[in-house]
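Biologist: I would like to learn how to read a protein model. Could we go through one together, feature by feature?

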Amino acid sequence: MKKGLILLFVTLSLSFAVVAFADKDLPVFKAGESVYVCGCGEGCNCLTISRKAGTCSCGKPLVKGVVSKVDEGKAFVKIDGKDRAFSTKPKYACACGEECKCGTISQKPGKCGCGSEMKEVK
C-alpha cells in the first residue's frame with residue numbers, strides 16, 4: 001500500500017512537471033521580427049509560422065512577413081499589407097532542440113523550417 005502511494009505521488013508530480021514546462025521550448029515571437037508564414041490565406045488552418053524559409057504543413061512555400069503585434073496567444077503578421085493572425089499555441093513544433101533556431105510551429109503536422117518532422121505539443 002505504501003509503495004502504491006509513493007508511486008502515485010511520483011507519477012502525479014512528473015505529470016505536473018511536464019505540463020508546467022511544456023511551453024519552455026516554444027518560440028516567442030516579437031513585434032518587428034521577420035518571420036515566414038503560411039500564405040494560403042484565411043481558409044487554411046495549418047497556421048504555420050517559422051523563423052526560417054521552408055514549406056508550410058499544407059505543402060506550399062512559406063511567405064515572408066513581419067510580426068506587427070503579439071497578443072493573447074496570437075502573433076499578427078503583416079503579409080501583402082494585411083495583418084493575419086497566427087496562433088502561438090501550436091499543436092505541433094520543431095523537435096530539433098535548442099541548437100535549432102528555426103522556431104517552426106503549426107496547427108498541423110509536417111516538416112519544420114530546418115527540414116525535420118515536427119512533434120506534437122502536449
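Biologist: Let me start with a detail: which residue is the bridge partner of Y36 in strand 3?

Modeller: The bridge partner of Y36 there is K64. Before we go on, residues are numbered from 1 along each chain as its sequence is written.

Biologist: What is pLDDT, and what is its average in the protein?

Modeller: pLDDT is the predictor's confidence in each residue, from 0 to 100. The protein averages 82, and 80% of the residues score at least 70. Over residues 5–23, though, pLDDT stays under 50, and the model has one contact beyond four places in sequence for them. Contact here means heavy atoms within 4.5 Å. Where pLDDT is low, the predicted coordinates should not be read in detail.

Biologist: How many helices and strands are there in the protein?

Modeller: Helices (H or I, at least four residues) and strands (E, at least two) are DSSP runs, numbered from the N terminus. The protein has one helix and eight strands, and along the sequence they follow the pattern α-β-β-β-β-β-β-β-β.

Biologist: Which way does strand 1 pair with strand 3?

Modeller: Two strands pair if DSSP finds at least two bridges between them. Strand 1 and strand 3 pair in the antiparallel sense, over five bridges. Strand 1 also pairs with strand 2, in the antiparallel sense over two bridges, and V37 has I49 in strand 2 as its bridge partner.

Biologist: And what happens between strand 3 and strand 4?

Modeller: Those two pair in the antiparallel sense over five bridges, with D71 opposite K74 in strand 4. Their hairpin has two residues between the strands, and E72 takes a positive phi near 40 degrees there. Strand 4 then pairs with strand 5 (residues 82–87), in the antiparallel sense over six bridges, and A75 stands opposite F86 in strand 5. This pair also forms a hairpin with two residues between the strands, where D80 in the turn has a positive phi of about 50 degrees.

Biologist: Now the inside: which residues have the most contacts inside the largest nonpolar core?

Modeller: In soluble globular proteins, nonpolar side chains tend to be buried together. A nonpolar core is a set of buried Ala, Val, Leu, Ile, Met, Phe, Trp, Tyr and Cys residues joined through side-chain atoms within 4.5 Å. Buried means under 20% relative accessible area, exposed means over 50%, and partly exposed is in between (1.4 Å probe, protein chains only). Here the largest core has 18 residues, and V35, V37, I49, V77 and F86 have the most contacts inside it. Strand 1 (34–38), strand 3 (62–71) and strand 4 (74–79) each give two or more residues to this core. Apart from it lies another core of seven residues, among them C94, C96, C100 and C112.

Biologist: What does I49 touch beyond its neighbours within four places in sequence?

Modeller: The contacts of I49 include F29, V35, V37, V77, F86 and I105.

Biologist: Is T48 buried or exposed?

Modeller: T48 counts as buried, because its relative accessibility is 0%. This residue is found in the loop between strand 1 and strand 2 (49–50). Beyond four places in sequence, T48 is in contact with residues including Y36, C38, C56, L62 and T104.

Biologist: Where is E117, and what does its side chain make a polar contact with?

Modeller: E117 is in the loop between strand 7 (105–106) and strand 8 (118–120). With a relative accessible area of 47%, E117 is partly exposed. A polar contact is a pair of N or O atoms within 3.5 Å; within protein, one must be able to donate a hydrogen and the other to accept it, and residues adjacent in sequence count only if both atoms are side-chain atoms. The side chain of E117 makes one with the side chain of K111, at 3.0 Å. E117 and A95 are 22 residues apart in sequence, yet 7.2 Å apart in space, C-alpha to C-alpha.

Key. Heavy atoms only, no water.
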